[in-house]
Structure formats: structure tokens, C-alpha cells
Amino acid sequence: MEELEAEKAAREEEKVRYLGEKLPPLQLSALNIEDLQKLCKQIQEKIDTVDEERYDCEAKVIKNNRDIHELNLKVQDLGGKFKKPALRKVRVSADEMLKALFGSKSKGSMDLRANLKSVKKEELKQEKEMNMEVGDWRKNVEAMSGMEGRKKMFDA
């Protein structure tokens with residue numbers, strides 16, 4: 001507590017000394033009206049320059065705070081990102097995959113192609129023919145247009 005009081009007293013002394021240097025006491029008793037007006041104008045000019053400097057300092061502080069905030073956001077963004085490594089292709093046969101999954105318990109090699117469905121060529125031809133019949137829809141629309149087409153639909 002004593003340190004705080006001593007520091008506060010030192011600040012007050014520094015303030016009084018600084019103001020004594022910058023603002024000498026005014027001698028107003030010997031001045032006439034014109035001299036008082038000149039003195040007031042000088043004081044007003046000093047006030048204006050001090051206000052301009054204060055405004056510039058405040059603008060710099062605001063700009064620096066904004067820049068600090070933006071940089072902090074960038075640091076957080078960069079810290080949160082994780083770059084994924086590029087994956088390499090690995091060729092693994094079915095036997096190796098089964099060994100990796102089940103360990104040494106697997107019984108030799110399994111023929112995975114034996115479980116595939118076999119497709120005959122005749123079935124493929126039939127599917128192509130069905131696609132061809134459905135494919136040309138324009139002929140079907142032209143044949144069914146008008147009253148004759150409606151009669152055919154009801155007759156069928």
C-alpha cells in the first residue's frame with residue numbers, strides 16, 4: 001500500500017512539474033483588452049493543435065487495435081487448420097486384404113470371382129431389343145395423334 005501511495009505522489013509531482021514547464025503562470029493584470037484578445041487567440045490555437053494531435057493519436061490507436069484483431073483472427077485460423085497429407089495408392093490383393101482383416105485365421109485363399117453372377121449373351125441381346133422398341137417415341141406419338149389414335153387406344 002505504501003508503494004502505491006508513493007507512486008501516486010510521484011505522479012502528481014511529475015504532473016505539476018510538467019504543467020509548470022509547458023504552461024507558465026499568466027500575467028493578466030497589466031494587459032489591456034487587445035492584448036487579452038491576442039492571448040485568447042494564441043491559447044485557442046494551442047488548444048486546436050492539441051486536439052488535432054489527440055484525434056490523430058486516437059485514430060492510430062483504433063487502426064492498430066483493428067489490425068491486431070485481424071492478425072489474431074488469422075493466427076487462430078491458421079492454427080486451427082490441418083493440412084491433409086496426400087494419400088498414396090496401395091495395391092492389395094484379395095488374399096492380403098483377408099489376412100489383414102482376419103489375421104492368420106483365414107483358410108487359404110478365397111476365389112472372389114466364383115461368387116460373381118454370370119451373364120449370358122442372349123439376355124444382353126433381349127435387353128437391347130427392348131430398349132430399341134421403347135427408344136423411338138416420336139413414331140408412337142404421331143400414330144396416336146388425332147381422333148384415330150384415341151380410337152386405337154380404346155380399341156386395344
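Reader: Where is the place of Leu28?
Author: This is a predicted model. In this model, Leu28 sits in the loop between helix 1 (2–22) and helix 2.

Reader: Is Leu28 buried, exposed or partly exposed, and why?
Author: Leu28 counts as partly exposed because its relative accessibility is 43%, and that class lies between the 20% limit for buried and the 50% limit for exposed.

Reader: Which residues form a nonpolar patch on the surface?
Author: Leu28 is one of them, together with Leu26, Leu31, Leu36, Ile43 and Ile47. Their accessible area together is about 460 Å².

Reader: Switching to charge. Which residues gather in a patch of negative charge?
Author: Glu45, Asp48, Glu52, Glu53 and Asp56 do, on the surface.

Reader: Where is Glu45 found, and is it buried or exposed?
Author: Glu45 belongs to helix 2, which covers residues 33–80. Glu45 is exposed because its relative accessible area, 54%, is over the 50% cut-off.

Reader: Back to the whole thing. How many helices and strands does the protein chain have?
Author: The protein chain has six helices and zero strands, so along the sequence the pattern reads α-α-α-α-α-α.

Reader: What share of the residues is buried?
Author: Buried residues are 2% of the 156 in the protein chain. The chain's accessible surface comes to about 16,700 Å², and carbon and sulfur atoms hold 57% of that.

Reader: Where is confidence lowest, and where is it highest?
Author: Confidence is lowest in helix 6 (residues 146–155), with a mean of 59, and highest in helix 2, at 92. Over the protein chain the average pLDDT is 78, and 67% of the residues score at least 70.

Key
Residues numbered from 1 in each chain as written. Predicted model: local features only at pLDDT ≥ 70, side-chain atom pairs only at ≥ 80, totals over all residues. Heavy atoms only, no water. Patch = residues over 30% accessible without salt bridge, like charges linked within 9 Å, V, L, I, M, F, W, Y side chains within 5 Å. Areas by Shrake-Rupley, 256 points an atom, 1.4 Å probe, with all protein chains shown as cover. Salt bridge = Lys/Arg side-chain N within 4 Å of Asp/Glu carboxyl O. Lys, Arg positive; Asp, Glu negative; His and termini not counted. Charge placed at Lys NZ, Arg CZ, Asp CG, Glu CD. Helix = DSSP H or I, 4+ residues; strand = E, 2+ residues; numbered from the N terminus. Buried < 20%, exposed > 50% of the residue type's maximum accessible area, 1.4 Å probe, protein only. pLDDT = per-residue confidence, 0-100.
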